[in-house]
Amino acid sequence: MANKDLRTFIAEASKMGEILHIKEQVSPYFGIPAIAAKLEEVGHYPGLLFSNVQGYDIPVLTNVFASRKRLSLALGCDESNLNAVYREREDRLTKPLIIAGGPVQEITIKGDQINLFDLPIVTHNEKDAGPYITAGAMVVKDPDTGIRNVGIYRHMVHEKNKLGIHMAETSHVKYIFEKYARHGQPMPVAIAIGHHPAFYLGVLSFVPLEVDEYEVAGGLLGEPLELVKCKTVDLEVPAYAEMVLEGYIALDERRLEAPFGEYTSLYGEQCLNPVVTLTAITRRKDPIYLDCLSGHLDHQLLGGTGRLSMIYKTVRIACPTVQEVYMPPSGCCRLICYISIKKRHEGEAKNVIAAAIAADPFIKYVVVVDDDVNIYDDKDVIKAIATRLHPEQDIIIIPGAKGHPLDPTAKNGYIVTKIGIDATKPLTGYPETIKVPGVDQIDLKKILNSLT
Ligand code: MN
């Protein structure tokens, strides 16, 4: 059976010119992110495959999630349908299959042989506390229900067999870790690095605690995820991943972790965080190391895509004419949310604002617009604010709300002011938008050819 994995995606995306193959020698210590950041300055966001990584014989792929076009390619759909296809596939829970063995266990490294410094783990930003694993999908099991939970957390390399981990207060993994603490047992973990982007989009879905994210990943991949049993912990990992780090998080071990460049493109503060102690590394004979460019579009779009689905589904309960939801890169794909509706009643946009703010604590600004506004274009949304808004009645301010601790404006840990903007036009008495007759009949190719 041909399984979708990182390699099948690299092959497909390279054919489409979506991955730049870089053969010059580049260092994982700032060198790789520097090239991505330079390309970003001129508006280019290709996936970057570095085959000659200084000091290592393992290639590094990064920036793969940095465009909605590539994410659409991962789901096999048009960019204009990405959100809708994601929402539909996310609901198609597909049970994984456990198989006897897979490429991810071609090599097993245990005990003293474990050495994270043998992997080309990238150091991203000037003041980051060290190299960070940024595309590790970590699986744990709820000790009471046995249900798996999978998510991506930042992992700082502390030493050759120890990683830091940041588990957000509201995350499922934190809740599960607290259960292990009540049982007085360390939490076994396994971190899979390098798989098809659809797998990553799946494990980052916003599903209830009772849902195994591997089943969501299967829905997004369009095939059951094949798993193998880990060598040293009672967990299962994707058979077609590039590498897996097995280990446990001790209950009482804490180390200083961060600063680290976060999704806001700002440094997250140093804090005392738990530690993963490795018990094994399994990998392919010729693995590819996958990095996610933290603090850049790669990171923002990867985390933002599942979030859009969750917000859409929640807001649509409040307003069935919601057309689409988008969180633009200008708001780090988290803090600003644009929502288009087909307004039927005055006041409806205000309800949409309330629903969106309730849906996602990261959101700080919600802008609701009519469905003739292109929410994928900041300029179009700002124009709606400029021409359709009555500030005295269309701006809602909610002081003292819970935001995200990494929001630099948050006070006392997480208190922020949230703002809702109703930029929909009134149902009656608003001027008509201008229109040039015949635009749809123009043959653009013919016109452009006559210019050359
Ligand atoms: Mn979960």
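**The manganese site and its surroundings**

Tutor: Along the chain, the donors of the manganese ion follow the spacing N-x22-H-x40-E. Donors here are N, O and S atoms within 2.8 Å of the metal (3.2 Å for Na, K and Ca), and sites may look incomplete because water is not among the atoms. The model is a predicted one, in which local features need pLDDT of at least 70 and side-chain atom pairs count only at pLDDT 80 or more, while totals for chains, interfaces and linings use all residues. Residues are numbered from 1 along each chain as its sequence is written, and side-chain values use heavy atoms, leaving out hydrogens and water.

The ion is coordinated by Asn 149 through OD1, His 172 through ND1 and Glu 213 through OE, at 2.1 to 2.3 Å. Asn 149 belongs to strand β8 and His 172 to helix α5, so this pair ties together parts that are 23 residues apart in sequence. Helices (H or I, at least four residues) and strands (E, at least two) are DSSP runs, numbered from the N terminus.

How exposed are the two residues of this pair? Asn 149 counts as buried because its relative accessibility is 2%, whereas His 172, at 24%, counts as partly exposed. Buried means under 20% relative accessible area, exposed means over 50%, and partly exposed lies in between (1.4 Å probe, protein chains only).

Consider next helix α5, which covers residues 172–183. The expected span of a helix is 1.5 Å times one less than its number of residues. The twelve residues of α5 should therefore span 16 Å, and the 17 Å between its end C-alpha atoms agrees with that. Buried in α5 are Val 173, Lys 174, Ile 176, Phe 177, Lys 179 and Tyr 180. These buried residues pack against β7 (136–141), β8 (148–152), β11 (187–193), β14 (243–257) and β17 (271–283), where contact means heavy atoms within 4.5 Å. Just after α5, Gly 184 takes a positive phi of about 70°.

His 195 is found in the loop between β11 and α6 (197–203). With a relative accessible area of 3%, His 195 is buried. Leaving aside residues up to four places away in sequence, His 195 touches Lys 4, Asp 5, Leu 6, Tyr 200, Leu 225, Pro 238, Tyr 240, Ala 241 and Leu 290. The C-alpha atoms of His 195 and Ala 137 are separated by 9.3 Å, although the two residues are 58 residues apart along the chain.

His 195 also lines the second largest cavity, together with Asn 3, Lys 4, Leu 221, Glu 223, Pro 224, Leu 225, Glu 226 and Tyr 240. On a 1 Å grid over the protein atoms alone, a cavity is a set of points where a 1.4 Å probe fits but cannot get out, and lining residues have an atom within 4 Å of a point. The volume of this cavity is about 30 Å³. By class, its lining has four nonpolar, two polar and three charged residues. Ala, Val, Leu, Ile, Met, Phe, Trp, Tyr, Cys and Pro count as nonpolar, Asp, Glu, Lys and Arg as charged, and the others, Gly among them, as polar.

Notes
1 Å grid on protein atoms, 1.4 Å probe; cavity = no way out; pocket = protein on both sides within 12 Å on 5 of 7 lines; lining within 4 Å. Points joined across faces, edges and corners; volume = space filled by probe spheres on them.
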